[in-house]
Amino acid sequence: MSKAYSLFEGSFSVDTSKKFIPFDPEKDNPKSRPGSIFVYVHPFLIDSPEGLIVCDTGLGHYGDTGKLMIVEKIEELGFSAADVKYVLMSHLHKDHASGMADVKSGQVTFPNAVYVIQEKEWENTVKDKKDEVLNEIWSLVEDKADIQFVHGDGQINGNIHYNLSGGHTKYHQVFHIYTDDSHYFFGGDVLPEPEQLFVNFVAKYDFDGKLARALRQEYWKEGAPEKWKFLFYHSKNIAIGVSQEKSDGEYILIEAE
Ligand SMILES: [Zn+2]
């Protein structure tokens, strides 16, 4: 048996300063954050026969215990960050990559994992030296992580497949993870929210928004009949979803079990 879990890091408002400020929809008034967009952040953990797999690593925020929140969430589920075997990185924007290393302790977050990164995404990102915290994360990862740089499409073992998608960033990748009972699909920021499956939407924040839109349509067309379990990194509602066929033959998305 395999199972996927959201490692929900919270909801945030992001304004032109690109800072992620915690936003509680229950308490905070969106009008108090003019010019902001609102995002939810869900890294994922998959407990598979291959071992534990993490899909993207979140904002690198620290929780109440002083540990990285992603580590706290993994421990709350009864697992340990030291047992994670694969860290699959869709791309290296700050809200996905900042949990790769723990800048407070000067260690990588997943010391026994293989970090799977498109090499060109890495090259393109680390040369941008503007963000000090990210610079520190890149050098910790470079020095201390077991990085597996990949190129284009391929597989890590029989069960983890990566595809260079582009769309959101030039070298963004998506992952298919096959287990004995499930086919998980992690579309990163090409497919960040389920709502985008059902509207004709080109995102301004994408490197190539039309490509990202076409890819989303393809993923759903292929994945809905095949019952893929879709992992939505920025979802407000359903984070792990699967299709359900209606009487007219159309598919809707429901929460996966
Ligand atoms: Zn993102």
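1. Helices (H or I, at least four residues) and strands (E, at least two) are DSSP runs, numbered from the N terminus.

2. Some housekeeping. This is a predicted model, so local features need pLDDT of at least 70 and side-chain atom pairs count only at pLDDT 80 or more, while totals for chains, interfaces and linings use all residues. Residues are numbered from 1 along each chain as its sequence is written, and side-chain values use heavy atoms, with hydrogens and water left out.

3. Now the sheet. Seven strands make an open, mixed sheet in the order β12-β13-β14-β15-β16-β17-β18; two strands pair if DSSP finds at least two bridges between them. β12 (154-155) and β18 (251-255) are the edge strands with a single partner strand each, so one side of each has no neighbour in the sheet.

4. Back to β14, which has antiparallel partners in β13 (residues 160-164), over five bridges, and in β15, over four. I160 is bridged to I177 of β14, and H176 has F185 of β15 as its bridge partner. β14 and β15 form a hairpin with four residues between them.

5. Further along, β16 (residues 229-231) and β17 (residues 240-245) are antiparallel over two bridges, and L231 has I240 in β17 as its bridge partner. Helix α5 (residues 209-226) packs on the sheet, touching β14 (173-178), β15 (183-186), β16, β17 and β18; contact means heavy atoms within 4.5 Å. The direction of α5 makes about 70° with that of β18, with axes fitted to C-alpha atoms (for helices over the stretch in contact) and angles running from 0 to 180 degrees between N-to-C directions.

6. On to pockets: on a 1 Å grid over the protein atoms alone, a pocket is an open set of points where a 1.4 Å probe fits, with protein on both sides within 12 Å along at least five of seven lines, and lining residues have an atom within 4 Å of a point. The largest pocket holds about 1,200 Å³, a volume being the space filled by probe spheres set on the points. Its lining has 37 residues, with K18, F20, H93, D95 and H168 nearest the centre. β4 gives the largest share of that lining, four residues.

7. The second largest pocket has about 300 Å³. Among its 17 lining residues, L59, H61, K94, S98 and V133 are closest to the centre, and α4 gives the most, three residues.
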